[in-house]
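Good morning, and thank you for coming. Please look at the structure on the screen while I go through it part by part.

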Amino acid sequence: MVDLGTPLAEVKGIGARRAEELRSVGLVTVEDFLFHLPFRYEDRSQFLPIAALLPGVRGTVRGRVVTAVLRRTRMRGLTIFEAVVEDQSGAIRALFFNQPYLRTLLVQGREVILYGEATPARWGRRGLVLQAPQFEVLTHDDQEAIHTGRTVPIYPRLPGLSTRSIRRLMHDLLAGLPPVLPDPLPAGMSSARGFPPRREALERVHFPPADDRLEGSPGRSPAHHRLIFEEFFFLQLGFALARRRSDAAPSEPGLRVDDGIRARLRAVLPFHLTEAQKAALKEIAADLMSARPMNRLLQGDVGCGKTVVALLAALLVVENGFQAAFMAPTEILAEQHHRSFQRMLQGSGHRVALLTAAVKGAARRQILQGLRTGAIPILIGTHALIEADVQFRCLRLAVIDEQHRFGVAQRATLRRKGERTDVLVMTATPIPRTLALTVYGDLDVSVIDRMPPGRRPIQTLLRGESARGEVYDFLRRQIAAGRQVYVVYPLVEEGERADLKAATAMHGRLSRNVFPDRRVALVHGRQKPEERDAAMADFAAGRAPILVATTVVEVGVDVPNATVMVIEHAERFGLSQLHQLRGRVGRGSHESFCILMTGEETTEEARRRLEIMCDTGDGFLIARRDLEMRGPGEFLGTRQSGLPDLRIGDILRDGDILEDARREAFAVAAAPLPPAPGHPLVRHLQGRWAGRLGLIQVG
Ligand code: ADP
Ligand code: MG
């Protein structure tokens, strides 16, 4: 008998070699394999007569191969394999391109099932064809009942296994399981929701009975619902227990705020906070003043003014005699924060130090010394901050700006530099709620949902290569009026030399040929820090009206006099990234523009995607669309972003189940005696999210 925990290598019919292949895609145990769910189901209780196929409609037919030929075409290298399949009602041609090996599968006389969309034949032929349909050859062995005469599962590919062999394996594994699988959920939770028992749920997601509701939304049958709930419940329980643990950790008493401190905070402000900023600051201050450490995510669209809120939080901490650290993802950003903190804190008497990889030798030693003695109360920097020899006298607040650029482990390292570190992470890529709950499930969230006064919408335009001349004329006029412009060139991956060359070449062309009378600054990630500083400073001070940059300016850069953002090859960027880039302009009182330049080979689909940018300036809406189009992994960017590997739950589709599971999980963790190590819930949680549990903690 097999069990869920049985290694695949020990399963009859899989064997050591195949088990090794499956391990390479993360499937190790029987349970892993059983959670490789069908992406669609096919009703094979009835087939469509071939004669009933209509153009543009998907359908499943069953018939016999009457002829099968492989043709070479006049186009070099292109082969077409053509099989004519016939049933009692008629015949249809199935075409496959460049798959000559199909000769050995779709052999004359064999009975096959085809699934696809019929389209009118081309090249002067009549009738309908199925182009590259999915197919399955029937063998009429004693197991045929698994594959026909019912609703059958169709699986995503696995190495070395056809959908048919996956189906057979699933069937055998399910048959070999013990008759009852224990329910890992707390008592009563399943019955309250009317979930089928676990074993039945597993059976039904693979081999649904004829009456299961599957149409329209595969993956939302009651059986799916159960398994998705389970997955979300244990993930959220991990967050909830981590949260409970950190709340219970012995903590320093909260900070104190009196009128004197309030007055000193007000004194550094060059403007009035917006209501949204005040509300966020209030939530943060309440955390700082409470006995339990802060774990908060501050979200807000680009330009909404998060930095100043973080600065006031830092000041509150410093006025109480503690230290604050502020970590940013790029040197440019850290330098900019350093400048603006210094400017705002000038009259306060508090020192602000900057630590990046560029700070070396004696200067670095001096800073480390100041941190240890407490002479430096506020430190701003990049990843350099988390190096082992950076030690504080009494770090109390860690602010992590543009947190999606950092890994979970990096955040944890910074947190551990203090006894009780209150953590504030900030993001300008608004994260839709369900994604936030999945990735930052143990955080409280504050949202700044209003812009500072006086902001005007940024006009966004889509332009092709043919309009380049006009675009340059427009830039010239803006510059003549005293404004400044960014020209951003994609550097898709750090270290792509070709793109870097293109950015450098663009800089050369603009400075020599297009704007020979103007200073054109250049910044990119491979420059020496001094060069980059000088270029940034030239632009920030208005000495250079044009800044050519790779995406190093994506996050945070703040030059209010800049009014035009030109983005070359806009089609190569994700929407959220474009929105970030666009957010570099529209920061002052002048009307601002974002010009999305598209390359020649831009597809229709890419253009439609870019048009979303022209239609809306709402970062939350854009994030949602971006997430839908690219999926959570791409959306968040890095593997280390903390996105858990969900097997069946889909944060876009299953938001309702996620919310339900989260409520229950936090209720369980809030019990007077929450589940402790060794408890079945915790054991199941560790089994499912092993290795990730320790990291579930922004830290
Ligand atoms: P982000 O939230 O994207 O990090 P920043 O903190 O960089 O945004 O703020 C964007 C700009 O708005 C900065 O120039 C900042 O000085 C300005 N700003 C922030 N809050 C206000 C406010 N309440 N009134 C006027 N300007 C503000
Ligand atoms: Mg910012």
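Glutamate 331 is found in helix α11, which covers residues 331–345. Helices here are DSSP runs of H or I with at least four residues, strands are runs of E with at least two, and both are numbered from the N terminus. Glutamate 331 has a relative accessible area of 16% and is therefore buried. Buried means under 20% relative accessible area, exposed means over 50%, and partly exposed lies in between, with a 1.4 Å probe and protein chains only. Glutamate 331 and glycine 525 are 194 residues apart in sequence, and their C-alpha atoms are 9.2 Å apart in space.

A word on the source. This is a predicted model, in which local features need pLDDT of at least 70 and side-chain atom pairs count only at pLDDT 80 or more, while totals for chains, interfaces and linings use all residues. Residues are numbered from 1 along each chain as its sequence is written, chains are lettered from A and ligands numbered from 1 in the order in which they are written, and side-chain values use heavy atoms, with hydrogens and water left out.

Now the chain as a whole. The chain has 22 helices and 21 strands. Its C-alpha trace spans about 90 × 70 × 45 Å along the principal axes. Of its 699 residues, 54% count as buried.

Another glutamate deserves a moment. Glutamate 42 sits in strand β1, residues 40–43, and is buried, with a relative accessible area of 3%. Its side chain and that of arginine 40 are joined by a polar contact of 2.8 Å. A polar contact is a pair of N or O atoms within 3.5 Å; within protein, one must be able to donate a hydrogen and the other to accept it, and residues adjacent in sequence count only if both atoms are side-chain atoms.

I turn to ligand 1. Which residues come nearest to ligand 1? Of the 15 residues around ligand 1, they are Gly303, Lys306, Thr307, Arg455 and Asp558. A residue is near if one of its heavy atoms lies within 4 Å. By class, this shell has five nonpolar, six polar and four charged residues. Here Ala, Val, Leu, Ile, Met, Phe, Trp, Tyr, Cys and Pro count as nonpolar, Asp, Glu, Lys and Arg as charged, and the others, Gly among them, as polar.

Some individual distances follow. A nitrogen atom of ligand 1 is 2.8 Å from a polar backbone atom of histidine 272. An oxygen atom of the ligand is 3.1 Å from a polar backbone atom of glycine 305. An oxygen atom of ligand 1 also lies 2.6 Å from an N or O atom in the side chain of aspartate 558. Taken alone, ligand 1 exposes 570 Å², and the protein buries 84% of that. These areas come from the Shrake-Rupley method with a 1.4 Å probe; for residues, only the protein chains shown count as cover.

Next, helix α7, residues 222–248. Helix α7 has 27 residues and reaches 38 Å from its first C-alpha to its last, close to the 39 Å expected at 1.5 Å a residue. The expected span is 1.5 Å times one less than the number of residues. Of the 27 residues in α7, 21 are buried.

Rings of Phe, Tyr and Trp (its six-membered ring) pair if their centres lie within 6.5 Å; planes under 30 degrees apart count as stacked, over 60 as edge-to-face and the rest as tilted. By this rule there are nine aromatic pairs. The rings of phenylalanine 195 and phenylalanine 229 have centres 5.5 Å apart and planes at 55°, so this pair is tilted. Phenylalanine 195 is in the loop between α5 (189–192) and α6 (198–206), while phenylalanine 229 is in helix α7, 34 residues apart. Both phenylalanine 195 and phenylalanine 229 are buried.

Phenylalanine 474 and phenylalanine 593 have ring centres 4.9 Å apart and planes at 85°, so they are edge-to-face. Phenylalanine 474 lies in helix α15 (residues 468–480) and phenylalanine 593 in strand β21 (residues 593–597), so the pair ties together parts 119 residues apart in sequence.

Finally, the backbone. Most residues other than glycine have a negative phi. Asparagine 98 has a positive phi, near 50°, and is partly exposed, with a relative accessible area of 42%. Histidine 569 also has a positive phi, of about 50°, but is buried, at 16%.
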